[in-house]
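Open the model in your viewer and keep the selection tool at hand. The stops below go from an annotated site to the salt bridges.

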Amino acid sequence: MKGLLRCGSVAVSSPLLPSKLLYPSPFSPRAKTHLNWRKPVASASPSLVIETSEGETTAKSMATRRLIILRHAESSWNDRTIRDHDRLLSKTGRADAISVSCQLEQMGWVPELILSSDAKRTKETLQIMQEHVQGFLEAEVHFIASFYSIAALDGQTAEHLKEAVCEYSKNDIFTVMCMGHNRGWEEAASVFSGSPVELKTCNAALLEASGESWDEAFTLNHRAGLGWPIISELQESED
């Protein structure tokens, strides 16, 4: 079933948002029944109990960290002479970029920091998102050339994204979006969440964890043997 999302003056076709896009994670303490519509703050976050050398315990407040793993929109193959790095979006891809930007805005998941591959189709996906949702235009953006090449290497993307997020983010940044390519992006989302994730073009996995810093959020989940819970999976509009 599809519905219309209005983004600025443009109405775009998109899957309806409620239960269709919500997948409770087996790693969360209890299945989520609603989306977090507000920007995460440290005071509303869970606490980590730390035992001191004297046997006393202290509660350490942790902020919620939200990670968006977004694959670029569909690209055009009309001109086979263009090298892969330089391919632009198809008509469907441009429409899907509008759709996903509107969905993320409606859900309250507009990132403060965007880390993106420097491939033309990824840049064009972001440009369209910025043209239709002001929040994406206000976000800090870094184009990282290695995001294009790392996605083709088995087993390396998740660690590479983790290092990039920790390098470019600050403690007061709570939502980060990484834009890139398969097969690496599917692999990274699956590694982070601890469960298989399929990312077609312009699909996104929305992940959430807690930590005073991004490095701590990654480290605590790894030590606990848990994945980042999948809050939602955004899917491209269907014809």
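Which residues does UniProt list for "binding site"? The record, an unreviewed entry, gives Arg71, His72, Ala73, Glu74, Ser75, Ser76, Trp77, Asn78 and Arg121. Keep in mind that the model is predicted.

Select Glu74 first. Glu74 sits in the loop between β5 (63-71) and α1 (91-107) and is partly exposed, at 30% relative accessible area. Leaving out residues up to four places away in sequence, Glu74 touches Leu89, Ser90, Thr92, Gly93 and Thr201. Show side chains here: those of Glu74 and Ser90 make a polar contact at 2.6 Å.

Next, select Arg121, in helix α2 (residues 120-132). Arg121 is buried, with a relative accessible area of 5%. Beyond four places in sequence, its contacts include His72, Ser75, Asp84 and Arg87.

The side chains of Arg121 and Asp84 form a salt bridge (3.1 Å, N to O). Asp84 lies in the loop between β5 and α1, so this pair ties together parts 37 residues apart in sequence. Arg87 is buried at 5%, whereas Asp84 is partly exposed at 29%.

Finally, move to Arg183 and Asp154, a salt bridge with its closest N and O atoms 2.6 Å apart. Arg183 is in the loop between β8 (175-180) and α6 (184-193) and Asp154 in the loop between α4 (146-150) and α5 (157-168), so the pair links parts 29 residues apart in sequence. Arg183 is partly exposed (44%), and Asp154 is exposed (54%). To finish, select Asp84, Arg87 and Arg121 together: salt bridges with shared partners join these residues into one network.

Conventions. Residues are numbered from 1 along each chain as its sequence is written. This is a predicted model: local features need pLDDT of at least 70, side-chain atom pairs count only at pLDDT 80 or more; totals for chains, interfaces and linings use all residues. Side-chain values use heavy atoms; hydrogens and water are left out. UniProt positions are given in the numbering used here, feature names are shortened, and annotations may be inferred rather than shown by experiment. Helices (H or I, at least four residues) and strands (E, at least two) are DSSP runs, numbered from the N terminus. Buried means under 20% relative accessible area, exposed over 50%, partly exposed in between (1.4 Å probe, protein chains only). Contact means heavy atoms within 4.5 Å. A polar contact is a pair of N or O atoms within 3.5 Å; within protein, one must be able to donate a hydrogen and the other to accept it, and residues adjacent in sequence count only if both atoms are side-chain atoms. A salt bridge is a side-chain nitrogen of Lys or Arg within 4 Å of a carboxyl oxygen of Asp or Glu.
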